[in-house]
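Please work through the exercises below with the sequence and the model side by side, trying each task before reading its solution.

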Amino acid sequence: MKQIAILFFLLFTPFFAKAQEDLFYKTWSNKEADSLKRELKITQNDSTRMFIYRCLGLHYQEKNRDSSYYFHSQQLALARKLNLKLWQADALDQAGWCLASLKNYSKSLEFFSEAMSILKSSDSEKNIWMIHIFSKDKIPKNARLKCLGFCYNDISQLYINADNTEKGIDALHQGMSVGKEINNSSIIGLISANLCAVYLQIGKHDSAFYYGNTGLTNLRISGYDTYKGYLYKLLGKAYLEKDKYLLAKTYLDSSITSSVNSYSFTQLPDTYLTISELYKKQGKLDSAIIYTNNVITSKYSNAQIIYEAYNALFYLYQKMPNEDSAYHYLLLSKTLGDSLNNAERKLLKAYQNIGFAQQIEAKERETASFKKENTLRVYGLVAGIAVLGIITFLSYRNSMIRKKANRLLQSQKDEIKQQKETVESTLINLKSTQSQLIQSEKMASLGELTAGIAHEIQNPLNFVNNFSEVSKELLDEMKTELDNGNPEEAREIANDVIQNLKKTALAAVLLFVGAKMLLIDFVKLPIALSLGVVA
């Protein structure tokens, strides 16, 4: 339950806190950062940890760039582990920007180059976890282009810091084109701010004012407040160089307020130094010294701006005059300046070396690619000839197989035809034999029927014959008894004769009926045989 509550806080607090703020560049407060750190200690989910590392990296970007680089490096490691391409590119871009700010130009260039390689491929539009961070409309292409636009902006700062202003301006205009393509006011606003800075640096004040005002308008629209203080400072510098002190002070005061409100504390030292320059031009040396000391005591000041502050204090104490203090800051300036120059030369040399190494590597890749293409062409030709030979062989082999198959098929057809004729002849013989058997069966049935009928007639006929013989014998006995003067015996014998005659009459009737049936059967028999009724 706690995990769900934390995730709800991480994902949706920004929208309740500032409806217009984009989670892509949200600046997390100290309280929110503490909550994120507590969650980081207990969560085991790699995706959640990656998101928290990104948030903490953004939190420290304008406070402590070493810490910011650390957290974005952790984001990068998890993005690679999870194989989330857009998150990898984002981490590379953020970490590269931190490295450029820390003047580690060579490693910064490596990070930016890898990020650009990912972002210029549409493959990074696949599998975007929490896409709403990168694109509120959740369109993968817009998410990729948004990251690409910011990457162009960030790499421009590397080029400008490494004294390659022309390449830096070109990168900014490419980023501007991307921002306009997706109508993203945060990209347009940020890149306008950096164009304002570079044009101010090379003395093109009209362009600086144009891009400065364009930047402010777009940053207000987008709600991207992190660099509004930076843009106010640039416009303050531009008005200062035009000796418009009131407008310069107004913008510089706005810069301080905006930087504090958006936790962009790294912007403050340069703003303090610019205000010091303003007071110096107005002859207010005490106020100028106060703001210059603010630069030195600020924990957000880097070595370069402290070096500039030492130079400013040397100049101010010279004017007061205060030779001891002036000499003190001159020594500090010289010592730090020598250290910075040596370090800067090493960093620039490393950057130039990596650029040269990349050119050599690119040339070697090109040569290797040409050799590889030629090798592939030769292999392709050999493979083509081999394939053609195989196809020819297979065609010949298939032709021979087809001829053999055709011969076999014809032989099988002839054999089948012969077998068919044999079967048909056998079938005719079988039908003839079957007819003969049926006729034989019919004649046998006729014989059985005739025998049965004759048997039925023979029985009554036998009765008639038997009773006739018995009656003759009885009459002979009756005659004898009459001759012997035995009338009673003669009458009993007469009665027996009468009974025999009755039985003889009955047998005669049965004989007549059997003869009639025999006659009927003989009439019906041919019909029954023709119809196959008799089996």
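This is a predicted model: local features need pLDDT of at least 70, side-chain atom pairs count only at pLDDT 80 or more; totals for chains, interfaces and linings use all residues.

**Exercise 1.** Determine how far helix α11 reaches from its first C-alpha to its last, and decide whether the helix is largely enclosed or largely open.

Solution. Begin with the length: α11 covers residues 228-241, which makes 14 residues, and its reach of 20 Å is close to the 20 Å expected at 1.5 Å a residue. Next, apply the cut-off for burial, which is under 20% relative accessible area; 12 of the 14 residues are buried, so α11 is largely enclosed by the rest of the structure. Among these buried residues are Y230, L231, Y232, L234 and L235. Then look for the partners, and you will find that the buried residues of α11 pack against α9 (185-201), α10 (205-222), α12 (245-261) and α13 (268-281). Finally, step past the helix to D243, which follows α11 and has a positive phi, near 60 degrees.

**Exercise 2.** Find where S135 lies, and state whether S135 is buried or exposed.

Solution. First place S135 in the loop between α6 (105-119) and α7 (140-161). Its relative accessible area is 5%, so S135 is buried. The side chain of S135 reaches the backbone nitrogen of I139 at 3.5 Å, and, once neighbours within four places in sequence are left aside, S135 is in contact with N142 and A143.

How values were computed: Residues are numbered from 1 along each chain as its sequence is written. Side-chain values use heavy atoms; hydrogens and water are left out. Helices (H or I, at least four residues) and strands (E, at least two) are DSSP runs, numbered from the N terminus. The expected span of a helix is 1.5 Å times one less than its number of residues. Buried means under 20% relative accessible area, exposed over 50%, partly exposed in between (1.4 Å probe, protein chains only). Contact means heavy atoms within 4.5 Å. A polar contact is a pair of N or O atoms within 3.5 Å; within protein, one must be able to donate a hydrogen and the other to accept it, and residues adjacent in sequence count only if both atoms are side-chain atoms.
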